[in-house]
Amino acid sequence: MATETVIALISVGALLVLLATGGVVAVTRNPEFAGHPKGLYVLFFAEMWERFSYYGMRALLIFYLTKHWLFADGPANMIYGAYTSLVYITPLLGGYLADRYLGQRKAVLYGGILIACGHFLMTIEGSGGQNDPAISIFWLALAFIIVGTGFLKASISVIVGQLYPRTDVRRDGAYTIFYMGINVGAAIGTIMVGYLGETYGWRYGFGLAGIGMLLGLVVFIWGRPLLLGRGEPPSLDKLKQRIAGVSFENFIYLLGLAVVLATWALIQFQNAVGWLLLLSGAVMLLYIVVEALKMPRDDRDRLFAIIFLIALQPVFWGLFEQAGGSLNLFTDRHVDRAGVPASLFQSINPIYIVLLGPVFAWLWTSLGRRGLEPSTPAKFGLALLQVGFSFLVLVWGAQAVGIGNPTPVIFIFLIYLFQTTGELCLSPVGLSAMNRLAPRQMAGLIMGAWFFATAGGNFVAGMIGQATGAEHVGEAGGTAAKALFLDVYSTIGWITIGIGVLVMVVSPLVKRLMHLDTLKDEDELAGYKEIGEREAAGMFPDRETKPGPDKI
């Protein structure tokens, strides 16, 4: 039996064990499991299936572009970067609509439906080549996934934070568990979707990705009562108002479809995506600064700390997201893989996350009890040091065996190891910091801004990948092409290490801006005890808090 088949069968077995564990959580009568509300595990499994679909498709995308649609390396990396950046910029719109009108739960449902449609459209391959009319359907499929992710991604992260008081020490641990759900789905999806796509045909891989998203929707709908009313619309009356003959809620859904069509046109012009990111980023930054200046000192300073942390996102993700683009091509062409499809190596990072996530959750808690835990900005600095070092390890390994020889696969495992430890210092910690530090009325916007900065990193990744394009030096699998990869990787590695050192130096100043000593729990949500249906409770404590004795 081929190695890749054994790997695929192991991933199926792991998925079955995980689903059985989910069944155990579901049948227990206690409202909590392993110290966390059961709603966390609903979000865990819903996000797991969504990431199964996203990362499974992502593992195939660069190969689909170069081998089916026959794009050169440079344009393929730019398309990849534009697509992944738009996937992370749309949560800015989705988070705003969820905050103000839909509520997070409805936004997640609508986004999941759009994503599933996109994956199923990806199964329409046509005959291949850029002159094939079917490529228009491919662009439309990407647009559905982009907009759907915008509604789903920021909203589901916000619901995680709403399950806990703002000062609850379990919050970082909860986000780490949630982030493990992301990576369980990513690992299994990458292996299963990648295996089907590269072994039996693209359509089978993309079709399985669509099925994964549908399963995520089933979990989310079934687990609604366990969310304890979090993420519901701030005003049901507003959604029922009619505009042009339709309810305002349906008007938002139609608006989403209009954005899909606009995205279908935009994704075909990758340079326009870059300008959109630049201009939108400037507007977003200006808005947050203006809002910060209106707030009391502590909230103002926290927003400035948030801006600092968000500004580091493009640096980290610009390097990290080489994984699905240039690093994927490097693995396919210049690494001794022993016949294993290159897309399956995309599962290494999420597997490391699953293995090391609990270790880091324990580590932060243990250090925190001893007063030794690094601050959030210091963790960001550590993340940059590690992701920069990871590329230097690959460069040194490839040079040690000679440019003309295949790079030993151990160095692919090592680059993903250091990227993973860096990721665990930044991403789950950053998610928790955004939700904890942001004023409640800006929670969705700040979470959207977090993903917006990730979008910038993804576009930077596309630009870096374009610089590694084999068309600059000749044959894709040749020695000159490999040397170009290594030159680019060495440059970005050293630059990022320099930035990481600077962040470590200023981290104490940023920590002071966070005012952790004055964070307080929000007031109780209105209707939580009085209304039998817990879902009726809203998400805006400043508008719907229950009056206390001092407020009557």
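Helix axes are lines fitted to C-alpha atoms over the stretch in contact, and the angles between N-to-C directions run from 0 to 180 degrees. The structure is a predicted model, in which local features need pLDDT of at least 70, side-chain atom pairs count only at pLDDT 80 or more, and totals for chains, interfaces and linings use all residues. Residues are numbered from 1 along each chain as its sequence is written, and side-chain values use heavy atoms, with hydrogens and water left out.

**View 1. Packing of helices H13 and H16.** Helix H13 covers residues 313-320 and helix H16 covers residues 376-401; the two pack at an angle of about 25 degrees, with their axes 10 Å apart. H13 is therefore roughly parallel to H16, a term for angles under 35 degrees, while those over 145 count as roughly antiparallel, 65 to 115 as roughly perpendicular and the rest as oblique. Helices are DSSP runs (H or I, at least four residues), numbered from the N terminus. The crossing of H13 and H16 is left-handed, that is, the near helix is turned anticlockwise from the far one by less than a right angle. Val315, Phe316, Leu319 and Phe320 of H13 meet Ala383, Leu384, Val387, Gly388 and Phe391 of H16, where contact means heavy atoms within 4.5 Å.

**View 2. Packing of helices H12 and H19.** Helix H12 (residues 297-311) packs with helix H19 (residues 479-513) at an angle of about 155 degrees, and their axes are 8 Å apart. The two helices are therefore roughly antiparallel to each other. Their crossing is left-handed. On the H12 side, the contact is made by Asp298, Asp301, Arg302, Phe304, Ala305 and Phe308, and on the H19 side by Val503, Val506, Val510 and Leu513.

View 3. A salt bridge is a side-chain nitrogen of Lys or Arg within 4 Å of a carboxyl oxygen of Asp or Glu. Arginine 297 is joined in this way to aspartate 298, with the closest N and O atoms 3.0 Å apart. Aspartate 298 is buried at 18% relative accessibility; buried means under 20% relative accessible area, exposed over 50%, and partly exposed in between (1.4 Å probe, protein chains only). Aspartate 301 forms a salt bridge with arginine 300, and here the closest N and O atoms are 3.5 Å apart. Aspartate 301 is buried at 11% relative accessibility, whereas arginine 300 is partly exposed, with a relative accessible area of 27%. Elsewhere, salt bridges that share partners join Lys67, Asp332 and Arg337 into one network.

**View 4. The salt bridge of glutamate 291 and lysine 294.** The closest N and O atoms of this pair are 3.4 Å apart. Glutamate 291 is buried, with a relative accessible area of 19%, but lysine 294 is exposed, at 62%. A search of the whole structure finds 15 salt bridges.

View 5. Helix H5 (residues 104-121) has 18 residues and reaches 26 Å from its first C-alpha to its last, close to the expected 26 Å, which is 1.5 Å times one less than its number of residues. H5 is mostly covered, with 13 of its 18 residues buried. Glycine 112 lies in this helix and is buried, with a relative accessible area of 0%. Leaving aside neighbours within four places in sequence, glycine 112 is in contact with Leu152, Met213 and Leu217. The C-alpha atoms of glycine 112 and lysine 153 are separated by 9.6 Å, although these residues are 41 residues apart along the chain.
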